[in-house]
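Biologist: I'm new to this one. Can you walk me through it, starting with the sheet?

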Amino acid sequence: MIRCKVNGVAYMLDVLISDKAKQQGLKRYPLLADDQGVIFVYEKDNMSKYDFSEIGYQCRILFLDSNFKTIYQELTKPYQSKLVSCTQPFRYVIEIGKND
């Protein structure tokens with residue numbers, strides 16, 4: 001786990017590096033605590049799409065470049081069927097509870 005600030009709020013993020021952990025993503029978390037989330041780490045720029053159809057709560061997904069600059073973010077809906085993607089290559093993805 002790492003601790004970092006996202007939009008000015010401190011979070012504890014589980015680091016997802018393996019392909020298996022990335023495929024499971026938030027499915028491993030029936031609920032997220034207000035200060036909890038995950039970060040997907042890629043060795044090189046990526047264009048993956050993210051599926052929230054099995055996630056029963058709102059969350060915020062942020063796509064970051066290799067300098068940790070946010071290039072896109074989206075608020076998902078519970079059991080959202082639309083895949084989430086970014087139009088630019090990214091190196092990191094953070095998924096956190098809505099917490100607004």
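**Strand S4 and its partners**

Modeller: S4 and strand S6 (residues 90-97) run antiparallel, joined by six bridges. Strands here are DSSP runs of E, at least two residues, numbered from the N terminus. Two strands pair if DSSP finds at least two bridges between them.

Biologist: Before we go on, what kind of model is this?

Modeller: This is a predicted model: local features need pLDDT of at least 70, side-chain atom pairs count only at pLDDT 80 or more, and totals for chains, interfaces and linings use all residues. Residues are numbered from 1 along each chain as its sequence is written, and side-chain values use heavy atoms, with hydrogens and water left out.

Biologist: Which residue stands opposite Phe 63 in S6?

Modeller: Val 93 does.

Biologist: And how many bridges join S4 to S5?

Modeller: Five, and S4 (residues 59-64) and S5 run antiparallel. Phe 63 has Tyr 72 of S5 as its bridge partner. For Arg 60, the S5 partner is Leu 75.

Biologist: What about the hairpin of S4 and S5?

Modeller: Five residues lie between the two strands. Phe 68 takes a positive phi there, near 65°.

Biologist: Zoom out. What is the strand order of the sheet?

Modeller: S1-S2-S3-S6-S4-S5, in an open sheet of six strands with mixed pairing. Strand S1 (2-6) and strand S5 (70-75) stand at the edges. Each has a single partner strand, so one side of each is left without a neighbour in the sheet. From one strand to the next, the twist averages 30°. The axes behind that are lines fitted to C-alpha atoms, and angles run from 0 to 180 degrees between N-to-C directions.

Biologist: New topic. Where does Gln 88 lie?

Modeller: In the loop between S5 and S6. Gln 88 counts as partly exposed, at 40% relative accessibility.

Biologist: Which residues is Gln 88 in contact with?

Modeller: Asn 46, Met 47 and Ile 71, leaving aside neighbours within four places in sequence. Contact means heavy atoms within 4.5 Å.

Biologist: And how far apart are Gln 88 and Leu 64?

Modeller: 24 residues in sequence, and 9.7 Å in space, C-alpha to C-alpha.

Notes: Helix = DSSP H or I, 4+ residues; strand = E, 2+ residues; numbered from the N terminus. Buried < 20%, exposed > 50% of the residue type's maximum accessible area, 1.4 Å probe, protein only.
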